[in-house]
Amino acid sequence: MNIVLTGFMATGKTEISKAISEISKYNLVDTDDMIVEQEGITINEIFDKCGEEYFRKTECEVIKKAAEMKNVVIATGGGVVLNEQNIENLRKTGVIFNLSPDFSVIRERLEEARKTRPLLKQDSIENIKKRFDDRKPFYDNCDYKIKVIHGRTPRSYAMEILEIM
Ligand code: S3P
């Protein structure tokens with residue numbers, strides 16, 4: 001089975017999936033990277049030029065392709081869980097983990113996170129917190145919850161996830 005990492009923006013999906021891939025047989029797949037490669041522009045540019053709806057449609061196609069792969073760890077974008085079809089596709093071939101921090105962890109990482117994420121770029125902290133809370137039920141729909149806390153290394157999360165597999 002594949003390993004699928006979900007979670008709000010800046011929860012560490014990319015770093016933890018890299019760590020998993022380094023210490024195991026799983027090859028790394030990052031669905032945002034697949035989108036960037038397919039479209040030839042950055043995520044920020046896709047949102048600016050084509051809008052969120054187009055991004056979500058492309059994301060859905062890419063998730064389908066990723067779910068067809070074998071022995072991979074899939075780092076997904078934070079909004080993947082919003083579409084039930086994405087979760088259905090990923091669940092056919094993978095175990096879905098949710099990286100779950102308190103909002104304080106996101107707040108700490110926000111300055112850096114804003115640089116590459118259109119949904120954080122101009123949003124107020126109140127709106128970001130609201131998005132975080134609104135998405136909670138979608139993240140709760142995953143198979144395993146991994147608590148994200150300040151200061152833990154990506155490798156330690158990777159070990160925890162690999163032990164479950
Ligand atoms: C998004 C998260 C981003 C990226 C896009 C939308 C979201 O990925 O897919 O900016 O809706 O949460 P990360 O979770 O890797 O930042």
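Guide: A crossing of two helices is left-handed if the near helix is turned anticlockwise from the far one by less than a right angle, and right-handed if clockwise. Helices (H or I, at least four residues) and strands (E, at least two) are DSSP runs, numbered from the N terminus. The structure here is a predicted model, in which local features need pLDDT of at least 70, side-chain atom pairs count only at pLDDT 80 or more, and totals for chains, interfaces and linings use all residues. Residues are numbered from 1 along each chain as its sequence is written.

Visitor: Which hand does the crossing of H1 and H8 have?

Guide: H1 passes H8 in a right-handed crossing.

Visitor: At what angle do the axes of H1 and H8 cross?

Guide: Axes are lines fitted to C-alpha atoms, for helices over the stretch in contact, and angles run from 0 to 180 degrees between N-to-C directions. Helix H1 spans residues 13-23 and helix H8 residues 154-164. Their axes cross at roughly 65° and come within 8 Å.

Visitor: Which residues of H1 and H8 meet?

Guide: Contact requires C-beta atoms, placed from the backbone, to lie within 7 Å. H1 brings Glu15, Ile16, Lys18, Ala19, Ile20 and Ile23. H8 answers with Pro154, Arg155, Tyr157, Ala158, Ile161 and Leu162. Now sort them by class: Ala, Val, Leu, Ile, Met, Phe, Trp, Tyr, Cys and Pro count as nonpolar, Asp, Glu, Lys and Arg as charged, and the others, Gly among them, as polar. The contact of H1 with H8 has 9 nonpolar, no polar and 3 charged residues.

Visitor: Which residues of H1 are buried?

Guide: Count neighbours: a residue is buried if 20 or more other C-beta atoms lie within 10 Å of its own, exposed if 12 or fewer, and partly exposed in between, with C-beta atoms placed from the backbone. In H1, Lys13, Ile16, Ser17, Ala19 and Ile20 are buried. Look down the axis of H1: these buried residues fall within an arc of 160°, so they line one face of the helix. The arc is that of the directions from the helix axis to the C-beta atoms. An α-helix has 3.6 residues a turn, so residues three or four places apart point the same way.

Visitor: Which residues of H4 are buried?

Guide: Helix H4 covers residues 84-93, and its buried residues are Asn86, Ile87, Asn89 and Leu90. Viewed down the axis of H4, they fall within an arc of 165°, so they line one face of the helix. The face turned away from that buried side carries exposed Glu84, Gln85, Glu88 and Lys92. E1, H3 and E4 are among the elements that cover the buried residues of H4.

Visitor: How do H2 and H3 pack?

Guide: Helix H2 (residues 31-39) and helix H3 (residues 43-67) meet at about 115°, with axes 9 Å apart. Their crossing is right-handed. On the H2 side, Thr31, Asp32, Met34, Ile35, Val36, Gln38 and Glu39 make the contact. On the H3 side, the residues are Ile43, Ile46, Thr58, Glu59, Val62, Ile63 and Ala66. By class, the contact has 8 nonpolar, 3 polar and 3 charged residues.

Visitor: Which residues surround the ligand?

Guide: A residue is near a molecule if its C-beta atom, placed from the backbone, lies within 6 Å of it. Around the ligand stand Met9, Lys13, Asp32, Ile43, Gly77, Gly78, Gly79, Arg117, Pro118 and Leu119. This shell divides into 4 nonpolar, 3 polar and 3 charged residues.

Visitor: Is Asn2 buried or exposed?

Guide: Asn2 has 23 C-beta neighbours inside 10 Å, so Asn2 counts as buried. Asn2 is found in strand E1. Leaving out residues up to four places away in sequence, Asn2 touches Met69, Val72, Val73, Ile74, Thr93 and Gly94.

Visitor: What is the phi of Ala10?

Guide: Near 70°, a positive value in a residue other than glycine. Ala10 is in the loop between E1 and H1. With 23 C-beta neighbours inside 10 Å, Ala10 counts as buried. Asn71 also has a positive phi, about 55°, and is not a glycine. Asn71 lies in the loop between H3 and E3. Asn71 has 12 C-beta neighbours inside 10 Å, so Asn71 counts as exposed.

Visitor: Where is Gly151?

Guide: In the loop between E5 and H8. With 5 C-beta neighbours inside 10 Å, Gly151 counts as exposed. Gly151 and Val105 are 46 residues apart along the chain, and their C-alpha atoms are separated by 9.7 Å.

Conventions:
Contact = placed C-beta atoms within 7 Å.
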